[in-house]
Structures are given as C-alpha cells and as structure tokens.
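Dear colleague,

Please find below the structure that I am handing over to you. I would be grateful if you would look through it alongside the notes that come after it.

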Amino acid sequence: MSAFPVSTAVVGLGVRQYKRGAAPLPEQGVLVGAIVDACADAGLDPSEIDGFVSYGDDKNEPIRMAPDLGTEDLCWSAQVFGGGGGGVAAAFGLAAAAIISGQAKTVVVFRALVQGDSGRLSGAVMAHHLNDHIMAAGNVAPAIECAMRAQRLLEHHKVPRRCLEDLVRASYHHGARNPKAVSYGKDLDLDVYRSSRMICEPFHLFDCSRENDGAGALILTSAERARDLKQKPVYLKGVAQGAGRGWGDLLQNDAHYASAGFESVARRLWAQTGLTPADIDVVQLYENFSAQGVASLIDHGFCTYESVGEVVRYENLIAPSGRLPVNTAGGNLAQGFIHGIGIAVEAVEQLRGTSANPVAGARHCLLAGGPGAPTVSSAVFSTEAC
Amino acid sequence: MRGVIYSWTRTWHPFEGTEAFGSPFVTLSVTLPEAGDIRLMGVLDGEGEPIIGAPVVGHVAEAEVYGRVIPGLRWAVTA
C-alpha cells in the first residue's frame, strides 16, 4: 500500500457540550456556534469554510448552515455512511480527499447532537441493524448488541473482566482532572462501579457511554496553509475506513464476533503510515461500551487475547505515567458524548500540548472510531509534517 | 432444531420495545452444527443457565416487539 500523503492539518477546534436536554439552542444553532468557535480558534472567517463532512447520520445539511456562516462558496458536502460512531475517523479522510484533490480548501469535520431535535441516538444507530429476526430476540438496542459480543470476549476468549474495569477507571481518572469533562472533579469509586445497576450482562451502568447534547467542529486545511494560521498544526498522518470480509452480517454471523471490526482497517492504517502500535504515544478510543474499547485495542495490535491482561491495566492507561495513555480527556464514558467527536478533539488537544492530561512529548495519536459498527475507521494524527 | 450457545446477554434495563419479554430476559446467539455452523438468534426459555457451548433446542414461536407480533425463535438448554 502506498504511503498516505501527509499534507493536511487540523487548525481549529470548537466544542459546545451540554447535559442532555439542556442545549440552549436547537441543534443547528449549537452546531453553527461550534463551527464559529473553531474558526476563531484557527483565525479564519466562517465564510471561508468551503467544505463540510460529518458521519453517523448527522441531520445538519451543510447548505442549510450557509446563510448563518456566510459561506462564500460551498464546494464539498459529504457524509460517511453508517449510523454509529464508526465513521468519525473516516470523516477526516473525506475532508483530506477534498483538500488533496483540490475540490475544497478549508473543510470542517463536525457532529452535532441535540436529541430533543433529532431524536434518540440509540434508536437511530440501531435502525441500521434491525430486522425481524434480530428484534424477535429482544436485540433492540446498541447496548444489547454490544453486550452479546462482550460476553463472547470474556467467556470464550478469556479477556479478564478487570480489563473492562480498568479502561473505565482510566477514563474517569482523566475526566476527573479535565475541567471540560462532565465528570470533572468526580473520581469513580470501584465499589460504585461494581454495584451500579446492571444494564445487560456483562455491562453495568458505568460500562456504557454517556449521551450529551452539543456539537464539535474541527477544521482541516492544507499543511502549507496551516503554517500561516494561529494554532500549532496537527497533521493527519493516515486514515483508513471500511471492513474486511466476514464483517457486517445482517444476522450477526460475523466471522470474528467478539472483535471490534478493525482488523483490516488497522492493517491498512499501519501500512500507509509506516507506523506500528509501538510508535503511538497516546490513544483516543471511541468506547460506546467498555468491552468494545478493549476489543478495539486488541484489533489495532496493542495487545492480544493472551497479553491483554498485561497491557490493559489502569496504571498503564493513565497519563502521564502509563505507557499506553488512553482517552486522556475522559472519553465518551467520562468527558462527554457527542457521538464521539470529543475524542477527535482530544487527539488534537493532546498534540497541541493543551490537553488537561498531557502526555509529554507526544508525537503520534491514534483515533479509533466506533467499535463494533458495520463499517469502522481509524486515523493517526501527528506533530510531524511528513 | 438443535444448536449450541455461541453467546448471550441477560437484559435488565427496560429498553423500549421489549416490554412483552419480561425482565430480565436472555438473548442468545446459537450455532447450528447441522446447518454449516450458521448462527441464529432467539430468546432463552426455561430455567437453564446460558453458558457458551451449552446445547440448546429451539422452536419457532412469536415475539411482541414495539407492540408488534412477529415470528421469533425460542431456545431451551438441554441436559
């Protein structure tokens, strides 16, 4: 596989996050605010944004925002297929494709979620899976779907239950120390975690991601232009999306049922970047549920079923001392959940050096999209322009 | 119809649409050795504990989901 052209960079970030049901504006208004914030962060005028990319069935058609943003010339308007968070990293691939091919210059990757407007996310995600056979088994929610796979991960593949707990603890450790996190100032007591109500086995309440209202926006432009803007550029080092053979079966006959679906995507990502898991300094991991986060680390080659108990340990997962710091803002579990856009934001914050839980000298950050989705995606962001 | 439990979950949260299943209820994924190891889903009936690898026997029944009655499989653990 040929190398990915490292010629685009994230130059602006905007996030507006609220408790679910507490957004002060309708969904599009919240999103426009986040995009304007990202432009201010970058030192760009909102009218200069000429491309828009989203994922996860976002309802905000770019042209409808053009009047609010003063869009000069809408050149690129695209969305990654799939209802879950599997497309979050792929969205950067679409944005880079537009920039590298000259179809747009300044592209915003966004996701907005105000469920009072756009409806329940879990229902929208599950609509991509449902058929009568699945529903007649009571499998009507992403939590149930993922719990089935998690049970296989624990019972058949012998992944220690403690690994799930440690990922959750690490997320809350970071969230408790991040003023922008919903869980800021609130460490998660292990007894509270273990005694929290059961949702569907093996998931307790705290194994499940939050849901927040809000919007996130990240502006991508050419590396050349990025050097003249306000912020330290964070380069897109590589990105891959899709699924390998044997994944995405409608009746859930996936060949490797307990995986997160990343095996082929990770293989292509490492090939195109020339990196290996050992080169990754910090990971931003979409965790819809704890087990899927652990499965994602396995799929990307950070560990195996045999070594997961050694690698996925609380002490190893926390910044700054751990060797594999994961979800340094708190992730979907503890920072907040606007369908995963927050983990992309933290990837950039970490490489800018502005994370609340910085990893000293971090050069490469993996962004792993929604695990277990029918199509998934991953990306590497880097401080290095080549 | 005979099979082997491939995976399972016991659902405690009252997810919308599952009211008629009772609480908790167990969802199974079942491997069918007599059909090339394809897997079908269904609900566990009876007192048997769901354990991966346990033999089960299944039949076609009905399920009520979101107030709609549809055909579905029900399984029971065999000794």
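Predicted model: local features only at pLDDT ≥ 70, side-chain atom pairs only at ≥ 80, totals over all residues.

Overall form. Chain A contains 16 helices and eleven strands. Its C-alpha trace extends over about 55 × 45 × 45 Å along the principal axes. Among contacts in chain A with a separation of 6 or more, 77% are between residues 24 or more positions apart. The accessible surface of the chain amounts to about 13400 Å², and carbon and sulfur atoms make up 52% of that surface.

Helix α11. This helix of chain A covers residues 263-273, and its buried residues are A:Ser264, A:Val265, A:Ala266, A:Leu269, A:Trp270, A:Gln272 and A:Thr273. As a general point, an α-helix has 3.6 residues a turn, so residues three or four places apart point the same way. Against which elements do the buried residues of α11(A) pack? Their partners in chain A are β8 (234-242), α12 (290-299), β10 (364-368) and β11 (376-382). After α11(A) comes A:Gly274, which has a positive phi, near 70°.

A loop residue. A:Ser47 is placed in the loop between α1 (27-42) and β2 (51-54) of chain A. Is A:Ser47 buried or exposed? Its relative accessible area is 18%, and because buried means under 20%, A:Ser47 counts as buried. Apart from neighbours within four places in sequence, A:Ser47 is in contact with A:Leu69, A:Gly70, A:Thr71 and A:Glu72.

Rolling a probe the size of a water molecule over the atoms shows where empty space is left. In this structure there are three cavities of 30 Å³ or more, and the largest cavity holds about 80 Å³ of space. Which residues lie nearest the centre of the largest cavity? Of the 13 residues that line it, these are A:Asp57, A:Lys59, A:Arg111, A:Leu113 and A:Ser118. By class, the lining of the largest cavity comprises six charged, four nonpolar and three polar residues. Both β4 (106-113) and α5 (121-126) of chain A contribute at least two residues each to this lining, and β4(A) provides the largest share, with three residues.

Yours sincerely,
A colleague

Notes: Residues numbered from 1 in each chain as written. Chains lettered and ligands numbered in written order. Heavy atoms only, no water. 1 Å grid on protein atoms, 1.4 Å probe; cavity = no way out; pocket = protein on both sides within 12 Å on 5 of 7 lines; lining within 4 Å. Points joined across faces, edges and corners; volume = space filled by probe spheres on them. Helix = DSSP H or I, 4+ residues; strand = E, 2+ residues; numbered from the N terminus. Nonpolar A, V, L, I, M, F, W, Y, C, P; charged D, E, K, R; others polar. Contact = heavy atoms within 4.5 Å. Areas by Shrake-Rupley, 256 points an atom, 1.4 Å probe, with all protein chains shown as cover. Buried < 20%, exposed > 50% of the residue type's maximum accessible area, 1.4 Å probe, protein only.
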